[in-house]
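Please read the points below with the coordinates open.

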Amino acid sequence: METKKYPLSKTLKRMLANAWIENKKLFGRVVLYMIIAGIYPFFAVVLPKLLIGVLETNGDNVEDSIKQVVMIVGGFFILAGSFGFLQAYIHDADYNKISRLRLNCLNVTFTKLLTMDYKYREDAQFLDQYNLAFESTSSNDNGVEGIYHKLYDMPAGVVSILILALLIGWKNPLILLGILLNIVVGLLVEKTANGYQYSMREEEGKAHRRKDYYYKTTYDFAYGKDLRLFGFEKRIIDNYNFEISQYVKITRLVQNKQLRLGVLSLLAALVSDALTYGLLIVGVIRGMSIADFSMYLSAVITLTTLLITFSKDVAFVYKEGLYVEDFYRFIDADLGTKGGDREALAETLEVEFRNVTFRYPGTEKDIFKNLNFTIHKGEKLAIVGINGAGKSTLVKLMTGLFEPTEGEILINGIPQKEFDKQEYFKMFSVVFQDVKPIAFTIGENVSCASDDIQTAQILNCLERVGLGDKVKSFDKGLDQMMLKIIDENGTQFSGGESQKLMIARALYKDANMVILDEPTAALDALAEAEIYKDFDDLVAGKTSVYISHRLSSTKFCDKIALFDGNGLAEYGNHDELMELRGEYYHMFSVQGKYYKEESLG
Amino acid sequence: MYVSMRQGNNKEVKKIKKVFALAWGISPLYIILLIMNSLIGAMQIVANVVLPKYLIDELVTSRNTGSLLYIGGAIVLSNLIFSFLGKLMTRNLAIQNRYMNEKMNQALGIKIMNVDYSYLENPYYLDLKERAAFACTNQSAVYNLINNSADLLKSLVTLFSMVAVMLTLGPVLFLVSAVTIILTVVVLTSFSSYQVRFFEKIIPVNRKYGYYLGLGYSEDEIQKDARLYGMEPMLLSRVVNYTNEFMGEFNKYYKKQGKIRGAVNIIANLQAALTYGYVGIRVVTKQFGKQIGLGSFMMYVNASIQFTATFRTLTDNIVGTKQMLDYLDPFLELMDLPEVKQEGDIPFEGDIESVCFEHVTFCYPGSEKEVLSDLSFQINKGEKISIVGLNGAGKTTLIKLICRLYHPTSGKILINGKDIFDYDYDSYIKNIAAVFQDYKLFAFSLLENITSKDKERVDKGEVNEIVKEVGLEEKIEELPNGLDSLYGKAYDVNGIELSGGQSQKVAIARALYKNASMVIMDEPTSALDPLAEADIYHNFNNMVSNKTAIYISHRMSSSVFCDRILVLDGGSVSDFDSHENLMKKGESLYCKLFKAQAENYSEA
């Protein structure tokens, strides 16, 4: 990225165009602010000049002089007072309008993050790549909003700078040159220093990440038990100290460089200062009034300050523009496969994997290779297998969250790709492991929508998973908020209850196919048995898939597919697979051993 | 930002003292540098106010080239020196500041590692920690506090110097400045109370907004459901609602702030006008005191302007300091938590011969609910005990009590006849090896994870033996660096990633390596497939043959090979007997649980 030029002007143009679409009035306000705030600093420069002019020529008529003094400061107060008020008021009144522009960007990102293809969400590289994009909308002072604020402020600065530069340059071009030299050298020095810092960026990032690991580990309460029981504390503190020293070392390098370069900029400042004072003093010797002397002096100081601010602002816009560009790249990226035009099928589903090969994006390892198998209409299929055999991946493929690397998946003979993506999702009710409720009402957690809620339907689903009484125990019923983060009276479900709530969500959706991914891992034996018992009811008339480590769950399924590290290894019903005396038989016997001995004994 | 100016009570002074004591402990140099920096800054301001007087006086009167050169040179030189000192200070402060910041964060991390464990499961402290971390990292509260205090010093020194300069002209100039400052303070104070009320109202809205917006960014399981259940419209509408709500509020807020800042500008210009007017008149006439020259005119005017500007900075410093102190409340509250009192001093010797619960009742801190009530039972050396019960029966809690992570609310736990809290902690905990459901591994090498020791101090043969027993041998042979492979990618991208099952095996290996006389396993095999699970159980019995062992598992089959089963029901012991005897009691909870699972295997 270091050498890559990025089109700042294009980014800025687009930002302006967006602002134009969202708030045209803002442009008028910028012009207004430019005039008011651009002229404002001028009063403080002119006041001493006028006043000293009177004082210098202080004649015999004291009263007259006093009158003049009063008029000058009176005029100053009226003008500077009103400009000062307007400058602050306009600026602050517009501040929030600019924040709004950023928040609208956030909403766009939000929608995109929730609707783009799921595969990107599991892709760490992808998220890293766009990390800057997300950062660019995360605060008032940086990225998108930071630049908008600068674009608002800078025109006024330009006006002031032009007025003052004209004033100084008209009389003393050399002084103006000195100031410019000072600024240019300052910029170059800063650029070199930044370049150096940038070149250290990778090292700094690495040191930061390593240090951050220890920061997070010490802060994470979840490590508390193991730390205490196994005595890791001293090791961690020692390592942490080391990482901090490494991190600070890089700061020291950068700062040393900055200091060395800083000496250069001091020389430029010295030249500018010497020119200013030298030429002005010579001017006075040659007859310049003290009034002019003081005006030019304060003009020089004001101009230097304004120019420094301005050059910093330019550098800021340049730097933050990079982030904004990333943001636009993210917004523009086509991350949501729309799919074909087909609508969701209204019939029972058959899912066929045809020569499916799959590896996760950015990895080399095939999770499946040439997988062929079919889940027939109305069938209840159990998927079992050892850890890492790809059971959960299978669900992600089936539901369209990921697409096969090679081969295809057919739904009732129709290739997955022909379906409109959103329509495709409609056909599946899935209960994943570890999904937790979100801070919406119970009703919303089940229906996943805020309007068009069918209350009776929701209650019925909750009833069926055994949460009916629980919901009735709340005064607000379905409108009871969940979690405590939003509403301190929110309810918190236990692991088992949450799991049941997720099953209710699946039921409410009433899709043609039901998939349960390890739904009982967190449940005790009785709760587990209850879910097994209801499974028939839950999936009545639908094609369904049940994934579990617990082989006991396979018995109420029509077919069992056993996956090992190499794909589908065994397929058939329970009796067939037991007869096969293969892996399934082995697993089942091992797991059932103690139960079996007991029942036989 | 101008928040309430009411301050000065002892509590805040105490807080500042505390932060400075912490900072001084970390880096005295930093504090010294800051003080130096403040003094240099104040001196620069004084020089800028006083020096031009001599230049102008010289210009007005003698216009002697030699002395003009001399004074002009002095001004230019003083600028140069101060700029150089400024840069030097910036460098040193930047380095010290980063160090300070990291060490301050670390101090809290170390605190967290050392406080009584009970805090770590209390949602209040979890929230407190989040807020403390937010204050330190996002709001840079420690940094701002220390720097604000240093600026405060600079402001005070400057202020006194300016007053001294102004008073040489008599009291009027000072009084004019003071009156306008009081006016400013009145205006700002009226705003600050509005500000406090406003933020009290808006912070909860912002928090809610943050939660809903965060759902989009969150990387957990909700992303799958959001797509499959089409939740985006519901989520977005909530985000938009909150955006509108707080934007509406902020609109009012900023307009008000604009008016206030505008008013302050008016007052500042009024002060400038009055100052210029008054000092100007003093040049014109001696009617109001000693007549002064143009050089003094500039000096007094600048002193007055500087006085006001510094006073503004000073109020900002005070307000900022106060605000940072508020932000730091959670940090300080955490730093104040008592560290584990290493109660007990009897060294634990020998093995665990017996574990005896005597009428143990337990409620989590801050809760009234008895998770365990009046629990009494005894486990003897070498016994293999399975603890069984429904979700929420208190199984894990019981383990935490044995590990001294919590104190029983009432009753006692005796090991070898003595209350466990009477033993010296280190020698006690050596005897207990536990694998929790939510075990954690660290970004160390696998070897270090298992042994918690340096490579050099480890008997590799022993580790290899254990690795084999837990079934990790093959996996480790696959790894180029074997046992020296770094676990996880959090610390280094070249670290290795293990599956849930493999990680769990590492955790089990760690417990075995500890070679304690009691081993506790809380759902040790939940992430394992049936074969790996069976393997572990099979080997386990061999590995812990001469030890006391406690298992918790939802897999009822695992209790068959245990000597006795402790059945927990609603926080008390409903049965404590062998598998056979319990199965004979047809209606027992154990029997029900067992049959519920066994049924599914019975036909095999």
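1. The model is predicted. Its values should be read with that in mind.

2. In chain A, helix α11 (residues 233–285) packs with helix α12 (residues 290–332) at an angle of about 165 degrees, and their axes are 10 Å apart. Since angles over 145 degrees count as roughly antiparallel, α11(A) is therefore roughly antiparallel to α12(A). On the α11(A) side the contact is made by A:Thr276, A:Leu280, A:Gly283 and A:Val284, and on the α12(A) side by A:Ile290, A:Phe293, A:Tyr296, A:Leu297 and A:Val300. The crossing of the two helices, α11(A) and α12(A), is right-handed.

3. B:Leu236 sits in helix α8 of chain B, which covers residues 232–284. B:Leu236 counts as partly exposed because it has 18 C-beta neighbours inside 10 Å. Leaving aside residues up to four places away in sequence, B:Leu236 touches A:Asn107, A:Phe110 and A:Thr111. Within chain B, the C-alpha atoms of B:Leu236 and B:Tyr212 are separated by 8.2 Å, with the two residues 24 residues apart along the chain.

4. An unreviewed UniProt entry places the feature "transmembrane region" at residues 21–47, 67–90 and 156–188 of chain B. In the model, residues 21–47 of chain B are 96% helix and 0% strand, with end C-alpha atoms 33 Å apart. Residues 67–90 of chain B are 100% helix and 0% strand, and the end C-alpha atoms of that span lie 34 Å apart.

5. The domain assignment of chain B gives domain 1 as 1–150 + 309–340 and domain 2 as 354–431 + 516–601. The C-alpha centres of these two domains of chain B lie 54 Å apart.

Notes:
Residues numbered from 1 in each chain as written. Chains lettered and ligands numbered in written order. Predicted model: local features only at pLDDT ≥ 70, side-chain atom pairs only at ≥ 80, totals over all residues. Helix = DSSP H or I, 4+ residues; strand = E, 2+ residues; numbered from the N terminus. Buried ≥ 20, exposed ≤ 12 C-beta atoms within 10 Å, placed from the backbone. Contact = placed C-beta atoms within 7 Å. UniProt positions renumbered as here; feature names shortened; annotations may be inferred. Domains from an automatic or database assignment. Axes fitted to C-alpha atoms, helices over the stretch in contact; angles between N-to-C directions. Parallel < 35°, antiparallel > 145°, perpendicular 65-115°, else oblique. Left-handed = near helix turned anticlockwise from the far one by under 90°.
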